[in-house]
Amino acid sequence: MSVMPPVVHNKKHMRIPLYALLLCSVPIMVHAQSETDSVHHSYTLSTVNYTILGQRHQKNYTRSRELQQSTDRLLERIPGVTMIRRGNFAMEPTLRGLSAAQINMTIDGMQLFGACTDRMDPISSYVEPNNMERIQLAFSPDGEQHNASVGGGLDFRLRQARTGAKTVWSGLVGAGYETNASATQTIAALQYSRSRFAISANGVWRRAGNYTAGKGQEIAFSQYNKWNLGLSAVYLLKPNQQLRADYLQDEGYNIGYPALTMDVSFAKAKIGSASYIYTPAGRKLKSWESKVYYNYIDHAMDDTKRPAWQVPIHMDMPGTSQTMGLYSRAKWYYTNHFLEGQFTAYSNRLHAEMTMYPKNAAEMFMLTLPDVQRTVYGIDLKDKIYLGRNWTLSPSLTVNYVQSSIYTVLGKETLSSLFTGSLDRKNLIWNAGLNAEKHFNGGWALFGQLSRGARSASAQELYAFYLFNRMDNFDYIGNKDLKQETSVNASLGMSYHSQKLHIQPQLFVYRFSNYIVGQRKQGYSTMTIGASGVKQYINIPDALLYGGELYVTYRPWDKWYIQSTNSISIGQDNAGNALPLIPPFKSINRIEYTPSKYGFYAESISQSRQDRVSTAVYGERASMGFTIFNVGAGRNFMIGKNTLNVHAAVYNILDKQYYEHLDILKLYRPGRNVALNLSLTF
Amino acid sequence: MRKIFALVCVAIALCTYTSCTSKKNDPKPGIETPAKSQLGTANTTDHTITLYADTPLLFTGYNKLYVKVQDATGAVSSTANVSIHPLMEMSSMSHSAPYEQVSYDAATGLYSGAAVFIMPTADDDAWKMEVTVNGQKVAIPLTVGTFPTKVISISMGSDNATYIVSLLRPAAWKVGMNDVAFTVHKITDMMNFSAQDNLTIEMTPEMPSMGHGSPNNINPVSSGNGHYKGKVNYTMTGDWRLHLKVSDASGTVLLQDAFIDILF
C-alpha cells in the first residue's frame, strides 16, 4: 500500500511540492496534467500521490529548478525512500530498507538492469528529472507494480511529446551553479507540437569537481560529468490511436566513487522504445497500450586515477547489460469494476569481466558475472471494485515465469569453479494482493493492504563470481540453488483531512521467507586483495521488517505551509540479528512562506543514530545521528510571455559533518553548499 | 512537415539501435591443439621406425611419445617387439630419464609410451631415443626445450631420495574446473627411475601475483604406474602455481612443496 493514498482525493489541498512540480514545470506539460488526472482517479491506492498532486498549486519559485536537481536528490525526499551512497553520484534507492532485487525499478515500464557488479549504476542514475513526468512508487508488490517483487518498486515515467499544445514551439533553458564541488547544471527542453504530430527533446549537462564535506574536508574522487538526452515523438494515426517513439541516452564520464576502491571511466545507457496506444472514447475499454523496447548499458570501472598505494593491482572491470522486451496493457471498465490486464516479456543479458595487470607477471582475466541471461514472462491482473461511495477493494494477481541461464561457454566454464550440474534455473513466481480503502464522514479514511510477494534470486545472487562488497569487505559468490524469496506484507493506515490540517500515519510489516543474505563460506580464499573472506548468498528461513511513516501538513495561515515527513524501518533476521542497510528514524520538516511571486522555505533533515546493527554477521557499523538545515528563496520575473525564474538555496548551512546510515564507508556528505539556479521558460 | 519529422525520428532511433551491438568476448587462447608431429626416423634391417610426439617440440617434463613401425612394404606392424629408452649423452657421462615403455595401440596403429625429460638439450648435452625393434636398436636424436613455465619439479625428499614430479600438460587449460594429472618418480640411479604409487598429494593452487587460491579442487590420487589424477580449479586466466605436498603411505611428508607453474 502506498504512503498516503486517500489524500489523493483531496489534492486540491495537498501538495508535496518537490515532486509535484516536475509535472508543471513547463508549459508543455499542460496536456499531461489532465491526463494524469484521470489516471489518478482510476487507481489511487498505490500510486504515490505526490506523483500526481500539486498540479494546481504550482509554485513558480521552485519550478524548473527542480529539473536541475539530480534524480537522487528528489528521491531522497520521498518518505520511505533512503539512498545508499557510494559517492556524490548515482545513489541507489531503497524502499523502507529493501533494495537491489527486492524492489523493481523501471523506466516508463521498461525493465533495465545496471551493468555494474558493484551497484555503481542503479537505474535511477540513467534518468534525469528533466526526462521525467513523474516518479511512481509502490511499497508493496501489488498496486502500481507490474512485475513480481517482494517490496514494490519505482517507475520513472518519462515525459513525452504532446500533440495539440497551446504553442507550436515551447521549451525552457536553465543553468545552475553550486559552490560546493563547483557543480554546474545546464538543462534545456524544446517541443514542437502540432495537432497530429509532436516531437520533443530535452537535455542535461552536469559536471562537478570534488565536494567538500563539513568543516572543510575535501572528499577526493567525488567528481562527476554527465550528459543526458531525451527524445520523444508522437504521431496520431487517428484521434484515439497514437504511435510513439521514445529515446533516452545518458552518458557519464570520469565519475569518482570515494567509498569504493574504483571509479568509473564511463557509464552509458541507450534506452529506446516504440509504442502504440489506443484510447477509445466512450467505451468500456479505456486504453490499450503496447510497447517494444531495447536498452543497452555499457559501464567501465577505472582505477587509473587513484594513487598507487590504493591500487595493489591495476585492473579493468567493464560490464554490459542489454534488455529487450515488450508489454501490452489494457484497462477497461465493467460495471463498478476497473480492470487492468498486462502481458509482459523481456530478456536481459549481463556480462561483467575483470582483467588484472600485475607488475612483472601475466595479465589475469575472469568473468565476474558470467554471462547471465534471464528471460521473464509475466501476466498481471488487477481489479478495482467500487463498493458504494466510500468503499473500494482492489485485488491483484501477478504471475511470472523466470528462466535464468548462462549463455556462453566461458561463462559455464567459469561457474564450473563453483557448481556442478545444470546452471539453468526456472522459477514460477506469483504475487497476490488485496487493498481496501474506506472513507468516513468528517475527513477520515482508513486503508489497509495485505499481499504476498515473491521474487527469484537475482543474477548476482545466483551466479556472482567473487563480487566485492565494500560494506562488509567480503567477496561474494552466487548460489544457483537459492529458493525464491517471498514476503507476506501488510499495512494499515488512516488519514484525517481538514482545511488546514492533514495527518496520515501508516504502519507496515513484511514477513519474509527464504530471505537472501550473504553467509561466510569457510575454506574459500578471497579474490580481492585485502578482503576479509568470501560470502555466499543463502536463504535464511525468515526475516522481519516493520516500521511506519507519518506525514503531516498544516496551514496555519494563508501563504504559510508546514510539512513533516517521518519514517522508520526495523529489520531483523531469524536469529534476531539486525538486517543491514535499514534506515533509522528520519524526519524532514519544512516551512514555506509564499507571498506572490516570491517563495521562501526552511527545512531541517534529521536522522537518529542507528545502533541496531549486526557487525559480526553483516559487517555493518553503527552510525551517528544528525540534523542539518537548508534554506531557499526564489522569485519569478515575467519577460513578455516568458518566465525567468531565479532561485537560491543554502544547503547544510551549519556546515555539519554528517552521513546517513546507508552511506557506504560512512563518508561525510557535502558540507555547506550555496546553489543558484536560473531558468527561462518559453 | 509532419512526415519528415516522423522519418527523422525513426531514423535516429534506428541508427542508435544498430550502434548498440555487444562486444564479443573472446575466450583466452589455449596452448595448442593435439596433432602428432614427427620427431625423427631410422631404419633397421627390417623396419622403418618413426617417432612421434603430440607437439612439434619436446619439452622438459612429461611427453607422450609414439613409435610407428613399418616393414619394407610400408605396412604398419602391430606384432613387432618394440621398446624405447631415452638417453642423454653428456661430455663426461650419460643418463636416462623416467619413461613409460611403449605398447601397441590398435586405435592409432602406433606403439605409445612416454618420457619425462628431466633437463633440456644443451650445447654438449644431447638427448636421443633408443628404439629397439625385434632386438635391433636404433637411436633417434631428440631436441628437448625448456617449457616456458615450470612443469617439472626435481627435488630432494625428506628421505634423502630425489623425486621427480611432472605435470601431464593438457592440450589446453580452460577457466573453471580442469582435469589435472601428474607423475611421480624416484631416482634410483642415473639409469633407473621408479614410478611411485600410493603417495598422498595435497594440491593447493595459488595465483602468485595476487596471493589467492581457488575452491573445490580435488587432490590428485594414485592411479597406478606413477600417475596421479585430480581436478584443479582456475577461477581466472593468468599465472597459477600448483603447490604439491607429497606424503608417503605412512603419512611422512616427503616433499613439502613441489610446485608446478601454469600460465594460460
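What share of the 682 residues of chain A counts as buried? I looked this up at the outset and found 54% of them buried, where a residue is buried if 20 or more other C-beta atoms lie within 10 Å of its own, exposed if 12 or fewer, and partly exposed in between, with C-beta atoms placed from the backbone.

I note that this is a predicted model, in which local features need pLDDT of at least 70 and side-chain atom pairs count only at pLDDT 80 or more, while totals for chains, interfaces and linings use all residues. Residues are numbered from 1 along each chain as its sequence is written, and chains are lettered from A and ligands numbered from 1 in the order in which they are written.

**Chain A.** I then looked up the secondary structure and found seven helices and 32 strands in chain A, these being DSSP runs numbered from the N terminus (helices H or I, at least four residues; strands E, at least two). For contacts (C-beta atoms, placed from the backbone, within 7 Å), I found that residues 24 or more positions apart supply 68% of those in chain A with a separation of 6 or more.

**A:Ser70.** I located A:Ser70 in the loop between helix H3 (65–68) and helix H4 (71–75) of chain A. A:Ser70 counts as buried because 23 other C-beta atoms lie within 10 Å. From A:Ser70 to A:Ala90 I read 9.1 Å, C-alpha to C-alpha, across 20 residues in sequence.

**Chain B.** The domain assignment, automatic or from a database, gives domain 1 (37–145) and domain 2 (152–263) of chain B. Their contact takes nine residues from domain 1 of chain B and twelve residues from domain 2 of chain B.

Notes: Two residues are in contact if their C-beta atoms, placed from the backbone, lie within 7 Å.
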